[in-house]
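Please read them with the structure open.

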Amino acid sequence: MDANLEPILQEGKLIRQVNALIVAHLRDNNLNQAASAVGSATMTPLNTEAPPNRLLELVAKGLSVERDEVAKGTPSSGLFAGAVPAGHASVPVPTNVIDFSETQDMKGSSKSFPKHESRHVSEHKNVARCARFSPDGRFIATGSTDTSIKLFEVSKIKQMMLADARDGPVRPVIRTFYDHSQPINDLDFHPQSPLLISGAKDCTIKFFDYSKSVARRAYRIIQDTHNVRSVSFHPSGEFLLAGTDHPIPHLYDVNTFQCYLSANAQELNAKAAINQVRYSCTGGVYVTASKDGSIRIWDGATAQCVRPIIGAHGLNEATSACFTKDQRFVLSCGKDSTVKLWEVGTGRLVKQYTGCF
């Protein structure tokens, strides 16, 4: 792991633990309205468990340690100056915490990257609109305007790169699916099973079993009411999200195909189509990027919008958005030729990357 990233991840873990202790303390003292407000602002579950008075105990111990250090003439330089003494907390405190408030208005230019050489070109007959790796990295799926889906085996692509391949021509495309009537917009792999889903302009979400070599068509189909622009499996594989021309994401139960919409949809005043929807790695939250330039973060359990970032890319379309692994930040891209990093807890713009064309 990048040494510069480790302090950020540790800080994220510490902040989540502190938020949980605060919510539990407020709830246990019958300050339910305050607990609900803090929980909503920080996306901390209200049913989080903590020993009674745990927050008070930690604060008391911390103050005691600070007094001892002052008495010895070795006061700490700040809250994150060192690790909390053993037994006082389960998460180590980072020593080099980055203060993102100092970089709030910073604009960074794109770094120069080494040149990459194309070693294989997809055989689609028209524009390739999307591509997705399988969770284990063994496969790549591509979807095209020509309505076809091609499944590539990564090991065979690598085999093609060997100059002394002696077993004849290698064909990395192991499956080709034809079952859509209009261009394909997005793809996603099931997190556990050999299943691939596709969302297309024909208002359908189709399920393909790529474990069967003779299968060329979908074995299950969800008929949506709108152009399906984006699809994303929940990490459990039991649910999937669809971003469509409808302004509210559609949540489907994979087993029953029951569709759910947000209960506070009317309060959002959302009117623009969704370009992309993506779950976080835990499924606790998901994010949407819309044609009106807005980014919205949703609670994965209640399907309610908990953090709208209106006009994240001005009046330009927000084309994509995804979470960092610790769910603390969202990275978005828009047709204003910028990439932006947002803090989930506050909706604050942390950094803007320019130089895209």
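1. Which residue in the turn of the hairpin formed by strand 14 and strand 15 has a positive phi? It is glycine 283, with a phi of about 85°. Five residues lie between the two strands. Strands here are DSSP runs (E, at least two residues), as are helices (H or I, at least four), and both are numbered from the N terminus.

2. Some ground rules. This is a predicted model, with residues numbered from 1 along each chain as its sequence is written, and side-chain values use heavy atoms, with hydrogens and water left out. Local features need pLDDT of at least 70, side-chain atom pairs count only at pLDDT 80 or more, and totals for chains, interfaces and linings use all residues.

3. Confidence. The chain has a mean pLDDT (the predictor's confidence in each residue, from 0 to 100) of 82. Of its residues, 81% reach 70 or more. Residues 77-107 are the stretch to treat separately: pLDDT is below 50 there. Beyond near neighbours in sequence, that stretch has 51 contacts in the model, a contact being heavy atoms within 4.5 Å.

4. Strand 14 (274-279) runs antiparallel to strand 15 (residues 285-290), and five bridges join them. Two strands pair if DSSP finds at least two bridges between them. Valine 277 stands opposite threonine 288 in strand 15. Strand 14 is mostly covered, with six of its six residues buried. Buried means under 20% relative accessible area, exposed over 50%, and partly exposed in between (1.4 Å probe, protein chains only).

5. Most residues other than glycine have a negative phi. Phenylalanine 257 has a positive phi of about 65°. This residue sits in the loop between strand 12 (250-253) and strand 13 (259-260), partly exposed at 24% relative accessible area. Asparagine 269 also has a positive phi, near 55°. Its place is the loop between helix 5 (265-268) and strand 14, and asparagine 269 is exposed at 56%.

6. Aromatic pairs. The whole structure holds six. Rings of Phe, Tyr and Trp (its six-membered ring) pair if their centres lie within 6.5 Å; planes under 30 degrees apart count as stacked, over 60 as edge-to-face and the rest as tilted. Phenylalanine 177 and phenylalanine 208 have ring centres 4.8 Å apart and planes at 35°, so the pair is tilted. Phenylalanine 177 is in strand 5 (residues 173-178) and phenylalanine 208 in strand 8 (residues 204-209), so the pair ties together parts 31 residues apart in sequence. Phenylalanine 177 is buried at 0% relative accessibility. Phenylalanine 208 is buried too, with a relative accessible area of 0%.

7. An edge-to-face pair. Phenylalanine 189 and tyrosine 210 lie 5.7 Å centre to centre, with 85° between the planes. Phenylalanine 189 belongs to strand 6 (residues 184-189), and tyrosine 210 to the loop between strand 8 and strand 9 (220-223), so this pair links parts 21 residues apart in sequence. Both residues are buried. Phe139, Phe189 and Tyr210 form one aromatic cluster.

8. Two arginines. The charged end of arginine 220 sits over the ring of phenylalanine 207, 5.6 Å from its centre. The criterion is NZ of Lys or CZ of Arg within 6 Å of the ring centre and within 35 degrees of the ring normal. Arginine 328 lies in the loop between strand 18 (318-323) and strand 19 (329-334). Arginine 328 is buried, at 12% relative accessible area.
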